[in-house]
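Welcome! Please take a moment to look over the sequence and the 3D model, and then let us walk through them together.

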Amino acid sequence: LYWFRKRRPVKRTIDHSVPQVLVLAKEIKEKDIRNHPDRNRLLKVMGQKQEKIFYELSEWVKIKRNDAILLCSDGFWEYIDEKQMQATLKKSQSAQEWLQLMEEIVVHNGSSKEMDNYSAIAVIWG
């Protein structure tokens with residue numbers, strides 16, 4: 001999940017992928033996640049049986065006018081970076097338009113690669 005305020009990225013949730021753990025352990029840099037060979041390997045997934053249920057809660061955030069939220073799969077964010085998300089958000093008049101502009105980038109950047117399936121949902125508070 002990506003949160004934008006004033007058309008700029010403010011926060012991104014972390015996932016339970018191998019490269020994310022490597023970033024947290026300071027073994028690789030954040031920018032290296034997208035191209036890491038284990039980027040699609042997950043350590044935890046929804047629906048997986050676990051002895052102890054673990055989840056994270058963040059502090060409540062007051063959403064303001066023009067804040068934007070993007071919830072997307074790894075098949076989506078793998079082919080678009082935060083600068084491109086921000087640039088397309090600045091050009092967009094609606095969440096639908098924002099998604100369409102980002103999808104064009106995702107499809108273009110993934111066209112010559114073994115592309116994963118992708119999905120995304122966007123909301124812009126008006």
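Which residue forms a salt bridge with arginine 12? The partner is glutamate 30, and the closest N and O atoms of the two are 2.1 Å apart. A salt bridge here is a side-chain nitrogen of Lys or Arg within 4 Å of a carboxyl oxygen of Asp or Glu. This pair links distant parts of the chain, with arginine 12 in strand 2 and glutamate 30 in the loop between helix 1 and strand 3, 18 residues apart.

Before we go on, a word about what you are looking at. This is a predicted model, in which local features need pLDDT of at least 70 and side-chain atom pairs count only at pLDDT 80 or more, while totals for chains, interfaces and linings use all residues. Residues are numbered from 1 along each chain as its sequence is written, and side-chain values use heavy atoms, with hydrogens and water left out.

Now for the overall layout. The protein chain has four helices and four strands, and along the sequence they follow the pattern β-β-α-β-α-α-α-β. Helices (H or I, at least four residues) and strands (E, at least two) are DSSP runs, numbered from the N terminus. The C-alpha trace spans about 45 × 40 × 30 Å along its principal axes. Of the 126 residues in the chain, 29% are buried. Buried means under 20% relative accessible area, exposed means over 50%, and partly exposed lies in between (1.4 Å probe, protein chains only).

The whole structure holds four of them. In the one we began with, arginine 12 is partly exposed at 23% relative accessibility, and glutamate 30 is partly exposed too, at 39%. Another salt bridge joins the side chains of aspartate 67 and arginine 5, at 2.7 Å from N to O. Aspartate 67 lies in the loop between helix 1 and strand 3 and arginine 5 in strand 1, so this pair ties together parts that are 62 residues apart in sequence. With a relative accessible area of 1%, aspartate 67 is buried. Arginine 34 also takes part in a salt bridge, with glutamate 82, and their closest N and O atoms are 3.4 Å apart. Arginine 34 counts as buried at 16% relative accessibility, whereas glutamate 82 is partly exposed at 24%.

Sequence distance and spatial distance can be compared at another spot. Isoleucine 80 belongs to the loop between helix 2 and helix 3 and is buried at 0% relative accessibility. Its C-alpha is 5.8 Å from that of valine 106, although the two residues are 26 apart in sequence.

Next, let us look at the backbone. Most residues other than glycine have a negative phi. Arginine 7, in the loop between strand 1 (2-5) and strand 2 (8-12), has a positive phi of about 65° without being a glycine. Lysine 26 has a positive phi as well, of about 60°, and it lies in the loop between helix 1 and strand 3. Arginine 7 is partly exposed at 24% relative accessibility, while lysine 26 is exposed at 77%.

On the surface, you can find a nonpolar patch formed by Leu1, Val61, Ile63, Leu71, Ile121, Val123 and Trp125, with about 560 Å² of accessible area together. Such a patch is made of residues with over 30% relative accessible area and no salt bridge, with nonpolar side chains (Val, Leu, Ile, Met, Phe, Trp, Tyr) joined within 5 Å and like charges within 9 Å. Accessible areas come from the Shrake-Rupley method with a 1.4 Å probe, and for residues only the protein chains shown count as cover. One member, valine 61, is in the loop between helix 1 (18-24) and strand 3 (68-72) and is partly exposed at 37%.
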